[in-house]
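Me: I'd like to learn how to read salt bridges in a model. Can you walk me through them?

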Amino acid sequence: MGKDKSLVIKSGSGTFVTDVQELRRRARAHIEQGAVTEGYRADVDTVLRALNEALATEIVCVLRYKRHYYMAAGIHATGVAEEFLEHATAEQRHADQIAERITQLGGEPDLNPGNLVGRSHSEYVEGKGLIEMIREDLVAERIVIESYSEIVRFLGNDDPSTRRLMEEIHANDLRTLLESLGKDEHEKAEHKH
């Protein structure tokens, strides 16, 4: 076999041709640029600012869930406390993913505790008792869903990797919210009986 410069794939919907040598050349030429290559169309500074806000939001959520985990008390506390801990762990994973993406884009994750509350989209509300804690967590999840939806819309096709990351986190938070709302409705029905 000779050196074929092109990759040709034929399917029912047409032919896809790419110059493999050119792809390799571009990949090697731009490896030092990391994620921000010539094809990157988003405003990097704006994306980094949005990601640092999302990072602060996730960290504030971790701290709120951790507090709720330790403060949960009452007859249903054990199950609810474990739920708080699971959410804290998930939010920490999201924070780590966002921080990693910030560094991939050439930025620096802002983990300064003094800056977190000012950049976070959700608030750190402690809540008194399980019901109030759950309510505050649900409010925070809704805020996160709305703000991350805005970030996803802003990114559009200009930064598909960051958009996918935010969509994945958004989907996890939406699933969490729906599960929590479902539990609330189930608990209300039980109290009526």
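**Reading the salt bridges**

Reply: Let's start with a pair: Glu126 and Arg67 form a salt bridge through their side chains, N to O at 3.4 Å. The term means a side-chain nitrogen of Lys or Arg within 4 Å of a carboxyl oxygen of Asp or Glu. This is a predicted model, where local features need pLDDT of at least 70, side-chain atom pairs count only at pLDDT 80 or more, and totals for chains, interfaces and linings use all residues. Residues are numbered from 1 along each chain as its sequence is written, and side-chain values use heavy atoms, leaving out hydrogens and water.

Me: Which parts does the pair Glu126 and Arg67 tie together?

Reply: Glu126 sits in the loop between α4 (113-119) and α5, and Arg67 in helix α2, so the pair links parts 59 residues apart in sequence. Helices here are DSSP runs (H or I, at least four residues), numbered from the N terminus.

Me: How many salt bridges does this rule give?

Reply: Five. Another of them joins Asp137 and Arg64, at 2.6 Å from N to O. Asp137 belongs to helix α5 (residues 129-155) and Arg64 to helix α2 (residues 44-71), so this contact ties parts 73 residues apart in sequence.

Me: Are Asp137 and Arg64 buried or exposed?

Reply: Both are buried, meaning under 20% relative accessible area; exposed is over 50%, and partly exposed lies in between (1.4 Å probe, protein chains only). Glu126, by contrast, is partly exposed at 33%, and Arg67 is partly exposed at 23%.

Me: Where do Glu167 and Arg163 lie?

Reply: Both are in helix α6 (residues 160-192), four residues apart, or about one turn of the helix. Glu167 is partly exposed at 32%, while Arg163 counts as buried at 16%.

Terms used. Helices (H or I, at least four residues) and strands (E, at least two) are DSSP runs, numbered from the N terminus.
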